[in-house]
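Subject: Structure for your review

Dear colleague,

Please find the structure below, together with its sequence.

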Amino acid sequence: MPRLMVMRMFAGAVALGLLTSCGGSGGGTATAPLTITAASPPAGTTGAAFPGYSFQASGGTPPFIWNESGPMPPGLMLSASGQLSGMPATAGTYPVSVTVTDSSYPPVTATAAVTLTVNGPPTIDAAEPLTGTVGLMYVPFQFTVSDGLLAPLAWLETPLLSGGLSLSSDGILSGTPTAAGQFPITLNVTDARGQSASPVPVVVRVSLPHSGSFTVLSASMTAPRSGHTATLLTSGKVLIAGGANGAADASAELYDPATGAFTATGPMTEARIGHTATLLNDSARSVLIVGSVDMTAELYNPATGTFTATGSMHHDRTSPTATLLSSTGPNAGKVLIVGGNTTSGDLVAELYDPGTGTFTDTSSTTTLRTGHTATLLTTSSLAGQVLIAGGNPGGNASASAELYNPATGMFTTTGDMTVARAGHTATALGTQDGAQNGDVLIVGTDGSADLYDPSKGTFTRIGSLLPSMQRRTAHTANLRSDGTVLAAGGYDLEGSRGLFCPVSGTAAALFAPESDGFTATGSLGTRRDSHTATVLADGTVLIVGGTEHRGCFTGAVVLSSAELFK
């Protein structure tokens with residue numbers, strides 16, 4: 001064979017071999033398609049090193065080179081080897097595209113859409129533990145944290161709890177309290193990586209045992225009532241006026257604790273609902289009835305059982321407050337009428353003088369108020385002044401508060417409540433509450449509560465109502481002779497078929513000054529809201545009337561029933 005032909009045959013064989021090694025059809029194994037197989041990185045946390053994570057690929061020809069497109073979280077980076085690392089600085093979600101390129105020629109690429117999540121700093125959730133009771137097993141309470149910590153978590157409180165309560169390492173508060181009071185602690189939690197949430201202060205509250213129950217009276221009122229008033233007379237009887245069948249009505253009646261019976265009295269000079277009733281310090285110990293459907297007022301004389309007209313207010317109002325001023329000092333014994341002004345721009349308050357039977361203008365409130373409270377202060381340098389709190393000027397609830405000074409006839413601002421409120425209750429504490437004598441307990445329709453300290457002019461957040469009483473509108477709150485405050489009834493909005501309608505409740509709770517918290521007590525015999533609650537001479541609480549809201553499709557019933565709490 002000629003030499004030249006042999007050389008050509010050899011060259012052809014080499015060329016065929018090279019073609020086969022480059023993926024040709026010479027019988028070699030084909031390379032698997034390049035695919036990204038791991039592209040679900042965990043969430044990161046601002047201010048903490050990102051958990052170690054590497055993207056993975058299969059197929060193709062290694063080694064691989066990785067890169068990304070799209071805005072990366074500040075502080076994070078993707079290395080050429082596919083490792084995600086760094087310390088993210090800004091919380092958020094970041095959609096990026098991750099691309100891997102292999103070493104073949106020409107190179108092959110694969111891309112995956114990835115969402116990188118960065119959570120804010122982990123925080124201990126602000127859930128409030130329930131108030132415990134001495135001698136009763138505490139309902140275990142689990143503290144929790146927001147996203148960002150890796151289980152298992154280790155909890156610790158400082159100082160360590162005592163008095164029968166303890167916090168487990170997994171964050172459960174439990175035990176049987178042996179001492180009443182308020183026990184402030186600082187909560188700390190650390191995760192499996194050694195990362196911690198910011199410490200949070202918490203007050204653990206424990207009350208002494210306080211008992212009480214409701215008994216439904218066998219007697220009912222002479223008419224169903226809601227939007228009525230109930231006033232304790234010096235005789236010990238209770239005057240109940242207006243609001244019959246939940247509408248403006250002139251009828252009135254008396255409850256006699258000695259007999260447990262209701263008997264008719266009056267009637268008023270005109271039909272009323274949503275009015276005020278104030279026991280005066282005049283010689284007759286009359287009851288002043290004001291509003292609410294017009295500017296008129298009238299007086300009830302307990303000795304004669306009759307109502308007579310008195311002077312009229314100067315300003316149109318809807319559901320104002322009426323507060324009897326102190327029996328000594330300037331404007332002694334007069335009644336302060338505040339809020340509910342219906343004329344645009346009118347903020348003027350008025351004073352009723354029992355001696356002349358007339359109303360006169362005093363100064364203006366700092367803001368329009370309706371759905372507010374007005375409470376006479378009895379201690380500190382503010383004794384004799386009236387605390388006006390909250391309301392919904394312009395339709396939005398307000399946290400603001402102000403003081404009316406009878407000596408100057410002026411309103412001045414004081415500290416704000418901890419949250420905005422309207423439709424709340426305000427109850428002045430008494431000498432039976434010890435160091436808190438003269439403080440004012442505010443209970444909101446959301447179940448939150450504040451104490452106003454007249455000596456400091458400030459509101460402080462305290463323990464909330466029980467979960468069963470959260471979001472209770474139109475409840476009552478009354479100071480009892482043992483220093484506790486009974487909060488009872490009210491309604492919540494419950495949803496059904498896309499509608500939200502009021503549903504009355506039976507739950508009740510007792511505020512105790514030693515814990516500044518609420519504990520459960522007996523339940524009302526009938527679901528009710530918009531009722532009245534009156535503390536009788538013997539310390540029992542008379543619950544009268546109101547409305548039983550039953551939901552969106554079963555309507556509401558105005559109640560004539562009554563019950564006693566003792």
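Are R225 and E253 buried or exposed? Both residues are buried. Please bear in mind throughout that this is a predicted model.

Salt bridges

Searching the whole structure gives 12 salt bridges. In one of them, the side chains of R225 and E253 meet with an N to O distance of 2.8 Å. This pair links distant parts of the chain, 28 residues apart: R225 belongs to the loop between β17 (214-216) and β18 (229-232), while E253 is in strand β20 (residues 252-256).

Another salt bridge is formed by E298 and R272, whose closest N and O atoms are 2.7 Å apart. Because E298 lies in strand β24 and R272 in the loop between β21 (261-265) and β22 (276-279), the pair ties together parts that are 26 residues apart in sequence. Both E298 and R272 are buried.

A further example joins the side chains of E402 and R369, at 2.6 Å from N to O. Here too the pair links distant parts of the chain, 33 residues apart, with E402 in strand β32 (residues 401-405) and R369 in the loop between β29 (358-364) and β30 (373-376). E402 and R369 are both buried.

The surroundings of E298

E298 deserves a separate paragraph. The strand that holds it, β24, covers residues 297-301. The relative accessibility of E298 is 0%, and the residue therefore counts as buried. Its side chain also makes a polar contact of 2.7 Å with the side chain of R272. Leaving aside residues up to four places away in sequence, E298 touches M268, T269, E270, R272, V287, L288, I289, F307, T308, A309 and T310.

Aromatic rings

The count of aromatic pairs comes to 11. One of these is the pair of Y352 and F359: the ring centres are 4.9 Å apart and the planes stand at 50°, so the pair is tilted. Y352 and F359 are both buried. Elsewhere, ring pairs connect Y53, F55 and W66 into a cluster.

With kind regards

Key:
Residues are numbered from 1 along each chain as its sequence is written. This is a predicted model: local features need pLDDT of at least 70, side-chain atom pairs count only at pLDDT 80 or more; totals for chains, interfaces and linings use all residues. Side-chain values use heavy atoms; hydrogens and water are left out. Helices (H or I, at least four residues) and strands (E, at least two) are DSSP runs, numbered from the N terminus. Buried means under 20% relative accessible area, exposed over 50%, partly exposed in between (1.4 Å probe, protein chains only). A polar contact is a pair of N or O atoms within 3.5 Å; within protein, one must be able to donate a hydrogen and the other to accept it, and residues adjacent in sequence count only if both atoms are side-chain atoms. Contact means heavy atoms within 4.5 Å. Rings of Phe, Tyr and Trp (its six-membered ring) pair if their centres lie within 6.5 Å; planes under 30 degrees apart count as stacked, over 60 as edge-to-face and the rest as tilted. A salt bridge is a side-chain nitrogen of Lys or Arg within 4 Å of a carboxyl oxygen of Asp or Glu.
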